[in-house]
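Please open the structure in a viewer and keep the selection tool at hand.

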Amino acid sequence: MTTPPTISPKFLPSKDQLGVVAVGFSGGQGKPGVEAAPTALIEAGLLESLRNDLEFTVHHDDMVHSYTEHIPVSDPPLRTANARAPMLNPLTVSNVTRALADQVYEHASKGRFVLTLGGDHSIAVGSIAGTAKAIRERHHGRDMAVVWVDAHADINTPETSGSGNIHGMPVAFISGLAKPPKENPEIFGWIGDENRINIKNLVYIGLRDVDAGEKKILRENGIRAFSMHDVDKYGIGKVMEMALEHINCGPGQEGMPVHLSFDVDALDPLVAPSTGTPVRGGLTLREGDFICECIHETGCLVAMDLVEVNLLAGEDDLGARETIRAGCSLVRCALGEILL
């Protein structure tokens with residue numbers, strides 16, 4: 001029998017108020033299918049289990065948002081100076097993530113934990129921006145940490161990206177490493193100091209497919225990143241100890257608010273095959289669940305994204321169902337489900 005969470009949150013007024021935003025958006029990349037994931041997760045019983053088993057009061061508008069009203073009539077690719085490839089759907093992604101930031105902020109400003117169900121990983125620009133703004137307002141300018149669990153670093157700038165897909169750039173934009181392009185400052189020009197993250201408060205877990213330009217960015221900025229090599233070398237327990245210590249959330253440390261952004265492709269394709277950019281040699285489901293459990297146990301977690309479940313990307317329906325089950329498990333663990 002599942003019991004409700006017992007950990008008292010450090011940066012939220014209560015442990016049972018949950019805001020949910022379902023984001024049916026795939027414009028940050030080119031493969032259809034990811035926009036259907038929120039509906040599939042909800043139909044699999046995710047929100048019902050959070051209400052009934054973990055005893056959350058769930059605040060959800062019962063909608064999966066497609067943001068069609070924010071998609072411009074014309075949105076041509078934008079090639080910035082020295083870019084390898086033009087940015088694809090730049091105005092669309094900027095507009096949608098701005099609208100999402102407002103939705104997330106609306107929940108977070110009321111002191112709710114915010115769960116964002118994607119959608120591709122470009123949506124993290126909006127979800128993180130909304131959380132960061134609310135945290136700064138509620139906690140007197142306090143910074144927020146981001147734990148990014150992913151096979152990919154998603155920290156390309158428009159100049160380093162080989163594809164132009166913005167789902168490979170969200171960390172660069174939300175941290176300020178990438179600026180609004182001079183060619184069209186409207187694109188991500190809405191991101192201000194109140195909703196950016198400090199790159200020093202970022203930690204990666206599970207990397208195993210990182211572009212050359214991204215490796216340079218990680219090195220030059222001293223970003224703490226744990227690849228699958230580190231998971232193999234140290235084990236997931238030690239990796240989590242080091243990761244949490246880096247963001248001041250280890251044992252005996254003060255802690256800081258944490259936003260967890262979890263791309264399901266961090267898991268091995270044998271566990272979660274239905275995702276758009278699978279990479280072999282990833283986390284087991286237990287390792288993924290353990291990451292979520294460890295962050296929950298700190299009492300510092302204030303928000304979570306679950307992204308890149310793509311029901312059209314797997315080879316069969318069984319793979320899609322297993323990926324959905326894995327995604328639901330990750331969310332439940334982050335929100336306090338325990339084994340014993």
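The stops below concern a predicted model.

**First stop: D75**

Select D75, which sits in the loop between β3 (64-65) and α3 (90-108). Next, display the residues around this side chain. Beyond its neighbours within four places in sequence, D75 is in contact with N89, P90, L91 and T92. The side chain of D75 forms a polar contact of 2.7 Å with the side chain of T92. A polar atom of the D75 side chain also lies 3.1 Å from the backbone nitrogen of L91.

Which side chain of opposite charge is nearest to D75? That side chain is R98, at 14 Å. D75 is buried and has no salt bridge; a salt bridge would require a separation within 4 Å.

**Second stop: α3**

Now select α3, residues 90-108. This helix has 19 residues and spans 26 Å from its first C-alpha to its last, close to the 27 Å expected. Because 14 of its 19 residues are buried, α3 is largely enclosed by the rest of the structure.

Proceed to the largest nonpolar core, which comprises 109 residues. The members that touch the most others are I155, F188, Y204, L260, F262 and M304. The element that gives the most to this core is α3, with eight residues.

Finally, select I155. Apart from neighbours within four places in sequence, its contacts include G168, V171, A172, L177, I199 and Y204. E214, I217, L218 and I223 are also in contact with I155.

How values were computed
Residues numbered from 1 in each chain as written. Predicted model: local features only at pLDDT ≥ 70, side-chain atom pairs only at ≥ 80, totals over all residues. Heavy atoms only, no water. Helix = DSSP H or I, 4+ residues; strand = E, 2+ residues; numbered from the N terminus. Buried < 20%, exposed > 50% of the residue type's maximum accessible area, 1.4 Å probe, protein only. Lys, Arg positive; Asp, Glu negative; His and termini not counted. Polar contact = N/O pair within 3.5 Å; in protein donor to acceptor, adjacent residues only side chain to side chain. Contact = heavy atoms within 4.5 Å. Core = buried A, V, L, I, M, F, W, Y, C linked by side-chain atoms within 4.5 Å. Expected span 1.5 Å × (residues − 1).
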